[in-house]
Amino acid sequence: MDSTTRHILDLSRRGLLRGAGGLAALAALAAAARPGLAQPVFRSFPFTLGVASGDPAPDGFAIWTRLAPEPLAPDGGVVRAALEVGWEVAEDRRFGRIVASGTAIARPELAHAVHVEVAGLAPGRPYFYRFRAGGEVSATGRSRTAPAPGAAMDRLRFAFAGCQHYEHGHFTAWRHIAEEPELDFVFHYGDFIYEYRGRVPGQPGWGPLVRPHLGEETISLADYRQRYAQYRLDPDLRAAQAAHPFLVSYDDHEVDNNWAGIHSEEDGSRRFPIAVPPEVFALRKAAAFQAWYENMPVRRAALPRGPDITAYRRMEFGALARVHVLDTRQFRDDQPCGDGVKAACADVARPDAQMLGAAQEAWLLEGLTDSPARWNILAQQVPMMRRLLSGGISMDKWDAYPAARQRLLDGMAARRAPNPVVLSGDVHVALAATIRARPEDAESAPVATEFTATSVTSAGDGSAMTPAGEDVLRRNPGIALFDGRRGYCVAEATAARMTTEFVALPFVTREGAPREVAARLVVEAGRAGLERA
Ligand SMILES: [Fe+2]
């Protein structure tokens, strides 16, 4: 018996054994196409988690799927073997004109995720893609290449969203994003999952309990994998991910609430008396980043190395936009003053405060120095705007790292970076603001504009105005918009202006909310700051 045959027999034996236990979704029975590779036969549909694409370039994009016939099982219901997955990219939805195809290996080490970097495509046009394994065919995804370098384009349209606590409501916002026409990309700023344990009905806790998380707080790789699977089974989220190319990032909840650099939320403070040492927290980060990579349509450069991952990157959209995707979690200092919302303590004034870390900050300023694009989009996580609250400032946002923010704003001004626009989220309300040269001085010159997307579900049904919203508008003349409902943003940029539409949903604790435009705000090229359309 040669080693290939033995391998296949071993696979099939395991498949049958699992079947006898009533667990199996897969019996790998067939002959190997190549030595060491099994052609699987699935007992149930393996593409349950859908398909996605991301990180578009002028000649291609990344496409993603994961084999998981039993998505909530620890191993996804797949044997522990490398399996071959075919992929195809076509110009038409019926795959009559296939322009690229190949095979990729789905490895058990990566939860049978597949990341293919498709290249050789034409710029600035839509494509369709799908995967095959074991005689099964995935859903069809639609993606889009970026325009040719420097190409004049009439308009760029993109959506941005994040903060999708599963327990707090339905992903109706993703259904509406799926149906948005002609998006060049969707930026996901993070909080794709929440790490918290499943709540029991009746148990008090943050936000409404519409549909409980499975399992305990996510700490191990198996925990994070199952959490991503639970989220990705949502049909609205799958529809959005299949409909448009994504630029994905992460914020805190992909790992642990309000983690910061090497520091866990459990920091030995009064709220968390038992601190998690950095070398132990690194193990959790490694598990969290691996599961994030396994579940995201990113390029292979984002494969983590233990607790380290490179998720900041740049993408160009012709002559119109350069998008700088930032990582404001992995390299920042611990939140000053013990985190929370409070009056600033002395630590906020530290001159060497880090939000991006030295390397990313230098990379960002370099990318702003020679930017040929009309718009420079800083796609990131937490609000950069000055945002005074009744209790002080939030120690988790740029407000608590003023020296880092000032270095960035001074650097942008010195380099005359064209039209910086900051995207953010995390605070579960929609905001729009003018960022001034010295944010603490409301009289200083406007230098950038910020749009903060509200949450997809986090915090449950909201209302357009709240007492906190009235308070934040009263205290902050630079904040032009507050909306406390769930939703997302869609921006359209031309050479002359960028118009951002704030989409609000009247409810998320029930399905089927209609889409409402809460506001449209306009930035004119060459003039930072906001006007109501
Ligand atoms: Fe969030």
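Biologist: What should I know about the model before starting?
Modeller: It is predicted, so local features need pLDDT of at least 70 and side-chain atom pairs count only at pLDDT 80 or more, while totals for chains, interfaces and linings use all residues. Residues are numbered from 1 along each chain as its sequence is written, and side-chain values use heavy atoms, with hydrogens and water left out.

Biologist: Which residues are the protein donors of the iron ion?
Modeller: Cys163 (SG), Asp191 (OD), Tyr194 (OH) and His428 (NE2) are the donors, 2.1 to 2.5 Å from the iron ion. Donors are N, O and S atoms within 2.8 Å of the metal (3.2 Å for Na, K and Ca); water is not among the atoms, so sites may look incomplete.

Biologist: How are they spaced in sequence?
Modeller: The spacing of the donor residues is C-x27-D-x2-Y-x233-H.

Biologist: Are Cys163 and Tyr194 buried or exposed?
Modeller: Cys163 and Tyr194 are both buried. Buried means under 20% relative accessible area, exposed over 50%, and partly exposed in between (1.4 Å probe, protein chains only).

Biologist: Now the whole chain: how many residues are buried?
Modeller: Buried residues form 58% of the 533 residues.

Biologist: And how many helices and strands?
Modeller: There are eight helices and 26 strands. Helices (H or I, at least four residues) and strands (E, at least two) are DSSP runs, numbered from the N terminus.

Biologist: What about contacts?
Modeller: Of the chain's contacts with a separation of 6 or more, 69% involve residues 24 or more positions apart. Contact means heavy atoms within 4.5 Å.
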